[in-house]
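Look at the fold as a whole before turning to single contacts. The text below starts with the chain, then moves through its helices and side-chain pairs.

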Amino acid sequence: MSESTTREERFAHGLEVLNAVDGESGRRVIDSLADISPELGHQIVSWGFGEIYARPQLAPRDRQLVTLGMLTALGGCEPQLEVHVNAALNVGLAPEQIVEALLHSAGYCGFPKALNATFVAKKVFAERGLLPLEQSAQEPEAASA
């Protein structure tokens with residue numbers, strides 16, 4: 001977006017990106033701010049999505065991987081993580097890739113945060129009818145009797 005775009009144009013552009021990435025769950029977050037901080041909602045849409053998410057240097061799926069890792073590491077962001085697990089699915093990440101990213105985060109931010117994030121993903125996957133996930137080829141086989 002150029003510096004000469006209007007506030008309304010920036011918001012409209014950001015809303016297009018928000019809808020493409022987060023879908024209905026992102027829109028619900030913005031709508032929930034209308035009676036308390038509509039300006040925060042405006043900034044999330046205009047700046048967060050219209051300026052940052054719209055940048056071409058990272059693909060949407062890569063941005064979601066970064067976002068999942070950061071929200072997991074921060075901890076206490078489970079409502080936002082739920083939105084972004086949905087977004088990760090919306091932009092083409094497979095559930096197994098999301099689970100792998102959350103598993104990978106355990107080494108950097110600890111098991112409790114990775115567990116919390118994984119349980120958020122489980123909730124989203126259940127709501128979308130994606131459970132159970134297939135067993136990974138990396139899992140040890142059960143011992144033979």
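Of the 145 residues in the protein chain, 32% count as buried. Buried means under 20% relative accessible area, exposed means over 50%, and partly exposed lies in between, with a 1.4 Å probe and protein chains only. This is a predicted model, in which local features need pLDDT of at least 70 and side-chain atom pairs count only at pLDDT 80 or more, while totals for chains, interfaces and linings use all residues. Residues are numbered from 1 along each chain as its sequence is written, and side-chain values use heavy atoms, with hydrogens and water left out.

The secondary structure comes to seven helices and zero strands. From the N terminus on, the order of elements is α-α-α-α-α-α-α. Helices (H or I, at least four residues) and strands (E, at least two) are DSSP runs, numbered from the N terminus. The C-alpha trace spans about 70 × 30 × 30 Å along its principal axes.

Take helix 2 (residues 23-32) to begin with. Here the side chains of Asp31 and Arg27 meet in a salt bridge, 3.4 Å from N to O. A salt bridge is a side-chain nitrogen of Lys or Arg within 4 Å of a carboxyl oxygen of Asp or Glu. Side chains of opposite charge can pair when their charged atoms come close. Asp31 and Arg27 are four residues apart in helix 2, so about one helical turn separates them. Asp31 is partly exposed, at 45% relative accessible area. Arg27 is partly exposed too, at 29%. The structure holds five salt bridges.

Next comes an aromatic contact. A pair of aromatic rings is described by the distance of the centres and the angle of the planes. The structure holds one such pair. The rings of Phe49 and Tyr53 have centres 4.5 Å apart and planes at 15 degrees, so the pair is stacked. Rings of Phe, Tyr and Trp (its six-membered ring) pair if their centres lie within 6.5 Å; planes under 30 degrees apart count as stacked, over 60 as edge-to-face and the rest as tilted. Phe49 and Tyr53 are four residues apart in helix 3, so they sit about one helical turn from each other. Phe49 counts as buried because its relative accessibility is 5%. Tyr53 counts as buried at 16%.

Where does Leu58 lie? Leu58 is in the loop between helix 3 (38-53) and helix 4 (60-74). At 37% relative accessibility, Leu58 counts as partly exposed. Leu58 also belongs to a nonpolar surface patch with Val66 and Met70, and together these residues have about 270 Å² of accessible area. Patches are made of residues with over 30% relative accessible area and no salt bridge: like charges are joined within 9 Å, nonpolar side chains (Val, Leu, Ile, Met, Phe, Trp, Tyr) within 5 Å. Accessible areas come from the Shrake-Rupley method with a 1.4 Å probe; for residues, only the protein chains shown count as cover.

A salt bridge also joins the side chains of Arg61 and Asp62, at 3.2 Å from N to O. Arg61 is partly exposed at 29%. Asp62 is partly exposed, with 29% relative accessible area.

Now follow helix 7. At 1.5 Å a residue, its 17 residues should span 24 Å, and its end C-alpha atoms are 24 Å apart, which agrees. The expected span is 1.5 Å times one less than the number of residues. Which residues of helix 7 are buried? They are Ala114, Ala117, Val120, Ala121, Val124 and Phe125. Seen down the axis of helix 7, these buried residues fall within an arc of 140 degrees, so they line one face of the helix. The arc is that of the directions from the helix axis to the C-beta atoms. The face turned away from the buried side carries the exposed residues Phe111, Pro112, Phe119 and Glu127.

Glu127 is exposed at 52% relative accessible area. Glu127 forms a salt bridge with Lys123, the closest N and O atoms being 3.2 Å apart. Lys123 and Glu127 are four residues apart in helix 7, so about one helical turn lies between them. Lys123 is partly exposed at 40%. A network of salt bridges links Glu82, Lys123 and Glu127.

The segment after helix 7 includes Gly129. Gly129 is exposed, with a relative accessible area of 60%. Gly129 and Ala94 are 35 residues apart in sequence and 13 Å apart in space, C-alpha to C-alpha. Pro132 is also found in the segment after helix 7 (111-127). A cis peptide bond joins Leu131 and Pro132, with omega about -5 degrees.
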